[in-house]
Amino acid sequence: MGLSKEELLEKVNQHTWYHNIDLGNGIITPGRGWNRIWEPSAKFLERVEFSGKTVLEIGTWDGYFSFKAEALGAGKVTATDIKLWETFVLARDILNSKVEFKAASIYSLDESFPETLFDVIICYGIYYHLLFPNLAFTKMNRVLRPGGTLLLEGAYYPKYEGQSILYFSYGEDRLVSNDPTFCTCPTLKCLRNMLHASLFEVTEENPYLREKNTGRVLIMARKREKNENDLLYEHTYPNNLLRKY
Ligand SMILES: C[S@@+](CC[C@H](N)C(=O)[O-])C[C@H]1O[C@@H](n2cnc3c(N)ncnc32)[C@H](O)[C@@H]1O
C-alpha cells in the first residue's frame with residue numbers, strides 16, 4: 001500500500017475488527033481475541049495439502065482463515081459471506097492477497113457457483129448459528145468436487161455423549177446466554193449423522209475445547225458418493241426441489 005506503519009495503524013484503527021490478523025510490520029488487527037478457538041482452527045488447516053487447490057471459505061468475516069489457506073499455498077481462494085466487510089478489503093490490500101470475495105449465503109451456494117466444484121471448503125464458526133444446518137451441509141456438498149474435503153468447526157452438545165441428539169438452543173433453554181444466534185447444537189454423534197446424511201464421510205473428529213454447556217469440535221470430512229441407502233437424501237433433496245429452498 002506504500003504507507004508508513006503509523007499511517008497503516010491509523011487506517012486499521014478506524015475499523016471494528018472481528019479477527020486478530022497479523023498484517024506484518026508488527027501490526028495485529030484489534031479483533032475479539034478468541035485465540036482458544038482460532039489457534040487450533042488455524043492449526044487444523046495445516047493438516048490439508050492446499051498446494052494448487054481451489055478453496056471456498058464460507059462466512060469469512062475479516063478473512064483470517066482465507067488468508068491462512070492462501071499462505072499455505074492454495075491455488076485459488078474464494079471467500080464468501082452474506083456481506084462484504086470493509087475490514088476484509090483493508091486486510092486483503094495490506095497483505096497484498098489475491099483472495100477473491102463473493103457475497104453468498106451458505107443456503108444458495110449452488111446458485112452462486114453453478115459451474116464451480118471446489119477442492120476444499122472451509123466452514124468455521126457457522127453451522128450452530130443456522131436454523132437449517134442440514135440444508136447448509138447439503139449445499140456445501142453440491143459445490144465440492146467428488147472426494148473433496150470439508151473442514152468444519154463449531155459447537156457441539158457434550159451431554160448425552162454417544163447419542164444422536166440435536167439440541168435447539170432458544171429462549172429460556174439457551175445454552176449460551178449472551179448469544180441469541182447460537183441455536184443448533186448437535187452431539188458429536190448427531191453431527192456425524194447429519195454430515196453423513198448430507199453425503200459426507202467424517203475422516204477426522206477433534207473435540208478440542210469444553211466450555212460451560214458446550215464443546216467445540218474440528219472436523220475433516222470427505223464428499224462421498226450417494227448410494228441406494230441414501231433414502232433420506234433421495235427423498236428430501238431431489239435436484240428439482242433443492243433449488244427451491
Ligand atoms: C461467528 S462468525 C465466524 C467467522 C469466521 N468464519 C470464523 O470462524 O472466525 C459467523 C460468520 O457467518 C456469517 N454468516 C451468517 N449467516 C450466514 C449465511 N447464511 N451464509 C454464510 N455466512 C453466514 C456471518 O456474517 C459471519 O461472518
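**Reading a predicted model: core, helix, ligand shell**

Colleague: Which residues touch the most other members of the largest nonpolar core?

Modeller: This is a predicted model. Its largest nonpolar core has 53 residues, and those touching the most other members are Val55, Ala69, Ile121, Ile122, Cys123, Met140 and Leu150. Take Leu150 as an example: leaving out residues up to four places away in sequence, Leu150 touches Ile121, Cys123, Met140, Leu144, Phe200 and Ala221.

Colleague: How do I read the overall form of the chain?

Modeller: Begin with the elements: the chain has nine helices and nine strands. The C-alpha atoms fill a box of roughly 60 × 45 × 30 Å along the principal axes. A compact globule of 245 residues would have a radius of gyration near 18 Å, and the chain agrees because its own value is 18 Å. Of the 245 residues, 38% count as buried. Among contacts with a separation of 6 or more, 62% are between residues 24 or more positions apart.

Colleague: Why do the buried residues of α7 line one face of the helix?

Modeller: The general idea comes first. An α-helix has 3.6 residues a turn, so residues three or four places apart point the same way. Now the case here: α7 spans residues 188-197, and Leu188, Leu191, Met194 and Leu195 are buried in it. Seen down the axis of α7, these buried residues fall within an arc of 120°, so they line one face.

Colleague: What covers the buried residues of α7?

Modeller: The cover includes the helix α6 (133-142) and the strands β5 (144-156), β7 (184-186), β8 (200-210) and β9 (215-223). Just after α7, Leu199 takes a positive phi of about 75°.

Colleague: Is Lys53 buried or exposed?

Modeller: Count the C-beta neighbours. Lys53 has 20 of them inside 10 Å and therefore counts as buried. Lys53 lies in the loop between α2 (35-45) and β1 (54-58). Apart from neighbours within four places in sequence, Lys53 is in contact with Ala74, Gly75, Asp119 and Val120. Trp34 is 19 residues from Lys53 along the chain, and their C-alpha atoms are separated by 28 Å.

Colleague: Which residues surround the ligand?

Modeller: The shell consists of Ile58, Gly59, Trp61, Asp81, Ile82, Ser105, Ile106, Tyr107, Tyr124, Gly125, Ile126 and His129.

Colleague: How many residues of that shell are nonpolar, polar and charged?

Modeller: Seven are nonpolar, four are polar and one is charged.

Note on methods
Residues numbered from 1 in each chain as written. Predicted model: local features only at pLDDT ≥ 70, side-chain atom pairs only at ≥ 80, totals over all residues. Buried ≥ 20, exposed ≤ 12 C-beta atoms within 10 Å, placed from the backbone. Helix = DSSP H or I, 4+ residues; strand = E, 2+ residues; numbered from the N terminus. Arc of directions from axis to C-beta. Contact = placed C-beta atoms within 7 Å. Core = buried A, V, L, I, M, F, W, Y, C linked by C-beta atoms within 7 Å. Near = placed C-beta within 6 Å. Nonpolar A, V, L, I, M, F, W, Y, C, P; charged D, E, K, R; others polar. Rg over C-alpha atoms; globule rule 2.2 N^0.38 Å.
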